[in-house]
Amino acid sequence: MRALKKKQVVLTALVAMIGLAGYFNWMYENSDNGSVTDSDEVALGEARLVSGTNIKEDYFQKSRLERDTGRSKAIENLKTVSENPDSDPETKKEAEEKLIEMAGRTEKEAAAEGEICAKGFSDCVVYLSDSSASVIVQSDSDITGSDAAKIQEIVIRIAGVDGSEISISSYKK
């Protein structure tokens, strides 16, 4: 009974963390809808210069949002199964294990994205599956062998994915 409560507490905490990550991502995306760069007052009908940071949808923000939305739906379905009193105990256990696995995968993706950006890339998105990884980095030019090695080392260390199962692509602005 105590082990079950501990699992539920861990599961609830992980789901809450995923929800917070989605919320902060949403807040970050909607934080700047175009700001005035000229401090002078502009009369009605006159043109004014605004920053274009959120005018064009960002590929990486959109990719992360789609990934997180799909994952949130899957988590919701798994939570429904695990909390349903009519569910088979084995099915509940599998649902809880999947939830814990998804939460761990989410943490690993975020950690890998953070480290890859710290290595000098302006943005990236990481997709992890059971045995493979896809990494898309923002780059003005093709990725060099040295850059690919850095990215591969990060994904291997954080996610434990075999190096031959890592796909690295560049996305040019």
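This report walks through the cores, charged pairs and ring pairs of one protein model.

The model is predicted, so local features need pLDDT of at least 70 and side-chain atom pairs count only at pLDDT 80 or more, while totals for chains, interfaces and linings use all residues. Residues are numbered from 1 along each chain as its sequence is written, and side-chain values use heavy atoms, with hydrogens and water left out.

**The nonpolar cores**

Let us start on the inside. A nonpolar core is a set of buried Ala, Val, Leu, Ile, Met, Phe, Trp, Tyr and Cys residues joined through side-chain atoms within 4.5 Å. Buried means under 20% relative accessible area, exposed means over 50%, and partly exposed lies in between (1.4 Å probe, protein chains only). In soluble globular proteins, nonpolar side chains tend to be buried together.

The largest core here has 16 residues, and I116, V135, V137, I151, V155 and V161 touch the most other members. Helix α3, strands β1 (124–128) and β2 (133–138), and helix α4 (145–159) each supply at least two residues of this core. Its largest share, five residues, comes from α4. Helices (H or I, at least four residues) and strands (E, at least two) are DSSP runs, numbered from the N terminus. Leaving aside neighbours within four places in sequence, I116 has contacts (heavy atoms within 4.5 Å) that include F121, C124, V126 and V135. A second, separate core of seven residues includes I75, L78, A95 and M102.

**Charged pairs**

Side chains of opposite charge can pair when their charged atoms come close. A salt bridge is a side-chain nitrogen of Lys or Arg within 4 Å of a carboxyl oxygen of Asp or Glu. The structure holds eleven of them, and the table shows some.

| Salt bridge | Closest N to O |
|---|---|
| D68 and R67 | 3.5 Å |
| E115 and R157 | 2.5 Å |

Both D68 and R67 are buried. E101 and R105 are four residues apart in helix α3, so about one helical turn separates them. E101 counts as partly exposed because its relative accessibility is 34%, whereas R105 is buried at 18%. Beyond its neighbours within four places in sequence, R105 is in contact with R71, L128, S129 and D130.

What does the bridge between E115 and R157 tie together? E115 lies in helix α3 and R157 in helix α4, so this pair ties together parts that are 42 residues apart in sequence. E115 is partly exposed at 30%, and R157 is partly exposed at 46%. Elsewhere, salt bridges that share partners join R67, D68, R71, E109 and E113 into one network.

**Rings**

Rings of Phe, Tyr and Trp (its six-membered ring) pair if their centres lie within 6.5 Å; planes under 30 degrees apart count as stacked, over 60 as edge-to-face and the rest as tilted. By this rule there are three aromatic pairs. Y59 and F60 have ring centres 5.1 Å apart and planes at 85 degrees, so they are edge-to-face. Y59 and Y171 are stacked, at 4.2 Å centre to centre with 10 degrees between the planes. Since Y59 lies in helix α2 (residues 59–83) and Y171 in strand β3 (residues 166–171), the pair ties together parts 112 residues apart in sequence. F60 is buried, with a relative accessible area of 0%. Ring pairs link Y59, F60 and Y171 into a cluster.
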